Every structure is written in C-alpha cells, then in structure tokens.
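Here is a short briefing to read alongside your viewer. Have the sequence and the model open, and we will go through a few topics together.

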Amino acid sequence: MINFNNITKIYSSKASGVTNVVALDGINFGVQKGEFVSVVGRSGAGKTTLFRMMLVQDKPTSGTIFFKDQNIFRLNQGKLNNLRRNMGPVFQDYKLLPNMNVYDNIAYVMKVVGASDAEIKRDVPRILEIVELEDRQKNLPVELSGGECQRAAIARALVHRPEVVLADEPTGNLDPYHTLDVLRLLLKINEMGTTVLLATHNREVVNKLKKRVVTLEKGKIIRDEANGRFAL
Amino acid sequence: MFNSLKRIIGLGWQNLARDGGIAVANVFIVMIPILLTSALFVAKDVSDFLIDDLQAKADISIYFNDSVSQDDILKVQDNVRGIPGVTGVEYVSKDEALAAFTKRHENEPVLLESLQEINENPFLPSLNVNAETTAQYEQVAALLAGDDYRDMVNKVNYSEKKTVIENIFALTAGAQKVGLSLFILLGLVSVMVTFNTVSMAIRGRGIEVGIQRLVGASRWFIRGQFLVQGVIFGILGALFSLFVTLAVCWYLNPFLATILPGMDVWQNVMRNLWPLFGVQLAIGAGLGMFSSLIAIGRHLKV
Ligand SMILES: Nc1ncnc2c1ncn2[C@@H]1O[C@H](COP(=O)(O)OP(=O)(O)OP(=O)(O)O)[C@@H](O)[C@H]1O
Ligand SMILES: [Mg+2]
C-alpha cells in the first residue's frame with residue numbers, strides 16, 4: 001500500500017545557515033495493507049523525517065512515495081487533503097490545537113472528515129475513555145502533562161478510523177502502565193485492519209510487539225526483519 | 001455541505017470569542033458607517049414628509065379682492081382648471097376661510113379673541129390650486145396677469161412655497177452627497193480595522209492553521225473561520241445599529257412631532273423596519289466579508 005522509493009532528504013536551513021544535513025539517504029521499502037511496522041533507530045536516525053515525508057509536510061530531496069500507486073508528491077490540494085484524512089498521525093511533539101480543549105481537538109478531525117454530529121457525540125467520548133482522558137476533556141493542551149498530551153494526540157489520530165496510523169514515538173512520555181495500554185490499542189486497531197507505522201527508540205516496546213522492524217541508522221535502512229527485535 | 005457551513009461558522013465564532021475585547025471594539029467601529037446610513041435613511045424620511053406635506057397643500061393660493069363676486073371667482077376657477085398639469089382647484093369662500101382659521105387655532109384663545117375684536121371677517125375669498133410640478137406656476141401666473149383678472153386679484157401666494165420646496169430638495173441632495181462621502185470614508189476605516197483584526201487573528205494562529213492542514217482540513221474549512229469572523233462583526237454591528245437607531249428614533253419622536261406636526265418618525269421607522277435592517281445587514285456583512293477576504297488573501301497562504 002505504501003512504497004518508499006529511493007527517498008533522500010537533505011536539510012538545508014536558511015534560518016541557521018546549516019546546510020547539507022542528510023536525514024534520509026536512499027530509503028526503499030514497502031508496507032502492505034494491514035501490516036504493523038516498527039521503525040527504530042537512534043535519535044536523529046531520520047524516523048520523524050520519514051513520517052514528515054509521508055504527510056507531505058515536506059518534500060524529499062529526491063525519490064518518491066507511492067500511496068495506493070499514487071505519487072503523493074504530485075497530488076492536487078484536494079487529493080492531498082484526502083490522503084491526510086486517511087492518515088492518523090501521532091506527532092512526536094503532539095501538535096494539538098493550542099486554543100481548543102481536548103474534546104474539541106479530537107472532534108476537530110472528525111469535523112474535517114465530515115462526520116455527523118451524532119458520530120462525533122458517540123465516538124469522541126468513547127476514544128477519550130479508551131485513553132483515560134474523560135476527566136481532562138475540558139482542559140486546554142497547556143494544562144495537561146506530557147503523557148496526557150500524548151494520549152490526547154493518540155486519541156485524535158485514531159478517532160476517525162484512518163487507514164494508516166503514523167505513530168511517531170507515541171509512548172515517549174508515558175509511564176509503563178500507559179505504554180502497555182497504548183501498545184495494546186495499536187495492536188487492536190491493527191487486528192481490525194488498520195496499517196500501523198510506529199517510530200520508536202524504546203527497546204522494550206519493540207521486543208514486546210513481535211512485528212516487523214525496520215532499523216534506520218544515519219538515514220539508511222540497515223535491517224528489515226519480520227518479527228524483528230530491537231538491535232542497535 | 002450545510003453541516004460543514006455550520007461548523008465553519010462555529011469555529012469562526014470560537015476564534016472571535018477568544019479575543020473578545022478586540023472583537024467588541026471592532027463591532028463598534030463597524031457600527032459607525034452602518035449608523036450613518038441609518039441616519040440618512042431616517043433623514044430621507046423626514047425630508048420626504050416635509051416635501052409631501054408642502055406639495056399636498058395648495059401649491060398656489062389666489063386671493064381675490066373683497067369686491068369680486070363668487071360667480072366671477074368661479075369663472076376664474078374654470079379657466080385655471082383648463083391649464084394642463086393643474087390637478088385641482090378649490091374655491092374657499094370668506095366664511096370657509098374664517099371657519100378653517102378658527103378650527104386650526106381653536107386652542108389659541110388669544111388669537112381668536114383678537115379676531116372677534118375686529119368684528120368683521122378679515123379673510124379674502126381664494127382659489128387653492130394644486131399643480132403637478134412647479135413649472136405650472138408660470139402658466140397660472142401668466143393667466144392671472146392678463147387684463148381680465150388683474151383687478152380682481154389681491155395677491156397670489158406661490159413663490160415662497162416653491163423656494164421652500166426647492167431648498168429642501170437642495171438640502172436633501174447636499175446631505176446625501178456629504179453622507180455618501182462620509183460613508184465611503186468611514187466604510188474604509190471600518191474595512192481597515194476589520195482587515196487588521198482578521199490579519200492579526202490569522203497571524204496569531206499560524207501554528208494552528210499548520211496543524212489543521214496536516215490533519216487534512218480543506219482550504220475553505222480553514223479560510224472559512226476567518227471569513228466568518230469579519231462577517232460576524234458586520235452582523236453584530238448591524239444588530240446593535242438597529243437597536244441604536246430604534247432607541248434614537250424613540251427618544252427623538254416627541255421632539256420631532258412638536259417641530260413638524262403630523263410627522264411620526266417612530267412609526268415610519270417601524271413601517272420600514274425590514275428594509276432598514278436589510279440595508280444595515282447588507283452594509284455590515286458586506287464590509288466584514290470584504291475586509292476578511294483581503295486579509296485572507298494577504299496573510300493566509302493555504
Ligand atoms: N528542519 C530541519 N532542519 C535541519 N535539520 C533537520 C531538520 N529536522 C531534522 N533535522 C536533522 O535531520 C536528522 C533526522 O532527524 P529526525 O527528526 O528525523 O530524527 P529522529 O529519528 O526522529 O530522531 P528522534 O528519535 O530524536 O526523534 C537529524 O540529524 C536532525 O538534526
Ligand atoms: Mg523523531
């Protein structure tokens with residue numbers, strides 16, 4: 001379903017003047033529909049950059065990504081919006097809407113995908129219960145702890161049942177109890193047919209999953225194993 | 001479609017509510033051009049009333065000497081009727097003139113007493129002529145200046161009224177011209193202020209807009225919130241303006257009624273409530289939408 005085709009990303013920053021940071025270097029791999037793939041690698045290996053490409057937050061220096069045989073960098077605005085609505089991104093820095101409370105943040109994506117009021121009223125409380133944020137739903141993101149923000153971000157990514165979940169370090173701020181919960185949740189939606197891409201540098205998480213593991217190092221894939229283990 | 005419109009409006013309202021103080025200030029500024037238009041609306045009403053009133057009264061009053069007989073006057077009446085454009089000629093006898101005066105001033109005993117002291121009827125018989133346009137004055141004047149009538153006529157009362165009407169027309173036209181320039185100026189100010197508020201909102205929500213795009217919100221879903229913001233300023237401005245207009249008319253009505261007997265501003269405004277509110281709403285929402293659209297064009301790159 002997703003094919004990374006020779007993706008190279010070299011950052012050059014105008015603001016800092018730092019040029020030629022190679023974040024991704026000739027990435028090739030494919031993800032089948034319904035797969036659960038962990039992308040692991042040290043900090044700075046290029047995991048987030050890979051996810052940024054998938055959401056077309058940024059374009060690669062060279063190479064392309066195909067989603068259902070469509071070059072995602074050639075989509076018009078309408079199709080790009082549709083692509084993004086099909087993805088459930090959990091951002092490493094959460095990216096919650098700062099001026100909306102938790103409930104409205106989650107409801108917002110449902111509004112974007114055109115869900116009915118009834119669906120919103122039904123699904124938002126349900127996902128809030130799953131991530132255990134019912135009693136924080138009226139709070140603004142700044143009023144939440146890191147872990148709570150992370151769970152809100154996860155809830156927002158899942159609530160509209162996207163085809164693909166892109167979870168960038170979704171357990172980075174969670175205690176072991178909530179980490180386990182989130183993993184169970186990801187496994188469960190994966191069982192129900194959702195494709196999951198998980199970026200993490202958490203050894204335990206990866207080893208517990210017993211799913212395919214793609215290992216990145218300095219922007220290159222150094223290992224790609226089914227039922228892989230965290231080995232760095 | 002309807003659903004997403006409802007949502008865009010909801011999000012726009014949320015946006016606006018977040019910086020309430022600025023919103024209130026903005027609504028006040030938007031009210032200024034709306035109120036100005038409302039004032040012109042009401043002023044037009046007053047001048048219409050004045051002109052109607054003056055025109056409905058006899059345009060020309062021809063007073064005859066006491067010595068002229070009724071029969072002769074009625075002959076003149078027939079002749080004046082023959083002039084094209086003359087819509088009515090009414091004969092008022094000495095007695096009728098006295099009766100009308102007495103009735104008009106029944107509450108002014110001093111005036112009536114002095115009338116009685118004269119002990120005779122001081123009024124002259126007259127013909128009241130109604131004409132379609134002021135141009136007919138000349139023809140009536142020409143007729144009366146003829147040899148047949150010159151000696152019968154005591155005085156003709158027409159030129160003053162004509163000037164008054166023309167003055168009112170000129171005044172109204174002048175007021176409308178000044179009003180229009182003022183409207184353009186104040187409208188421009190309100191557009192600039194709203195443009196500024198919406199621009200600030202857009203720039204303050206750069207991060208938010210970025211996130212909204214990342215979760216796949218469409219162009220108009222994002223733009224709509226800011227568009228709605230300007231339009232809401234306009235609608236609120238129109239609503240408040242309506243209240244202000246009504247309140248002012250309510251308070252001014254008794255005063256105007258004493259200056260211009262028969263004039264009822266309140267009643268006129270109430271009768272034209274919907275057209276008035278329609279104009280206010282159109283101006284408010286129009287200016288608001290226009291300001292938002294330029295702000296969006298300038299600052300929102302989605
Ligand atoms: N906007 C940017 N400009 C310049 N360099 C960047 C930019 N974003 C990322 N990089 C660099 O690209 C490399 C890959 O970064 P990336 O964020 O993809 O790493 P990561 O694997 O997600 O790391 P982590 O596990 O810490 O989140 C890093 O060396 C980083 O410094
Ligand atoms: Mg990262």
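A salt bridge here is a side-chain nitrogen of Lys or Arg within 4 Å of a carboxyl oxygen of Asp or Glu. By that rule, two salt bridges are found across the interface of chain A and chain B. Please keep in mind that this is a predicted model. The points below cover the interface, a metal site in chain A and an asparagine in chain B.

**The interface of chain A and chain B**

- One salt bridge joins the side chains of B:Arg7 and A:Asp117, with an N to O distance of 2.8 Å.
- On the side of chain A that touches chain B, the elements giving two or more residues are helix 2 (77–86), helix 3 and helix 4 (117–130) of chain A.
- Helix 3 of chain A supplies the largest share of that side, six residues.
- Sorted by class, the side of chain A that touches chain B holds 12 nonpolar, five polar and seven charged residues.
- In terms of contacts, 24 residues of chain A meet 19 residues of chain B.
- The two chains bury about 1,900 Å² between them, and 58% of this area is on carbon and sulfur atoms.
- Seven residue pairs are in polar contact across the interface of chain A and chain B, both residues of each pair being at pLDDT 80 or more.

**The magnesium site**

- Which residues coordinate the magnesium ion (ligand 2)? They are A:Thr48, through OG1, and A:Gln92, through OE1, at 1.8 to 2.2 Å.
- These two residues link distant parts of the chain, 44 residues apart: A:Thr48 is in helix 1 (residues 47–54) of chain A, while A:Gln92 is in the loop between strand 6 (87–90) and helix 3 (102–112).
- A:Thr48 counts as partly exposed because its relative accessibility is 30%, which falls between the cut-offs of 20% and 50%.
- A:Gln92 is also partly exposed, with a relative accessible area of 38%.

**Around B:Asn121**

- B:Asn121 sits in the loop between helix 5 (109–118) and strand 3 (126–131) of chain B.
- Is B:Asn121 buried or exposed? With 14% relative accessibility, B:Asn121 is buried, since the cut-off is under 20%.
- Beyond its neighbours within four places in sequence, B:Asn121 is in contact with B:Lys94, B:Asp95 and B:Leu98.
- B:Leu98 is 23 residues from B:Asn121 in sequence, yet their C-alpha atoms are 6.8 Å apart.
- The side chain of B:Asn121 has a polar atom 3.0 Å from the backbone oxygen of B:Lys94, and a polar atom 2.8 Å from the backbone nitrogen of B:Phe123.

Key
Residues are numbered from 1 along each chain as its sequence is written. Chains are lettered from A and ligands numbered from 1 in the order in which they are written. This is a predicted model: local features need pLDDT of at least 70, side-chain atom pairs count only at pLDDT 80 or more; totals for chains, interfaces and linings use all residues. Side-chain values use heavy atoms; hydrogens and water are left out. Donors are N, O and S atoms within 2.8 Å of the metal (3.2 Å for Na, K and Ca); water is not among the atoms, so sites may look incomplete. Helices (H or I, at least four residues) and strands (E, at least two) are DSSP runs, numbered from the N terminus. Buried means under 20% relative accessible area, exposed over 50%, partly exposed in between (1.4 Å probe, protein chains only). Contact means heavy atoms within 4.5 Å. Buried area is the accessible area (1.4 Å probe) that two parts lose on being put together, summed over both. A polar contact is a pair of N or O atoms within 3.5 Å; within protein, one must be able to donate a hydrogen and the other to accept it, and residues adjacent in sequence count only if both atoms are side-chain atoms. Ala, Val, Leu, Ile, Met, Phe, Trp, Tyr, Cys and Pro count as nonpolar, Asp, Glu, Lys and Arg as charged, and the others, Gly among them, as polar.
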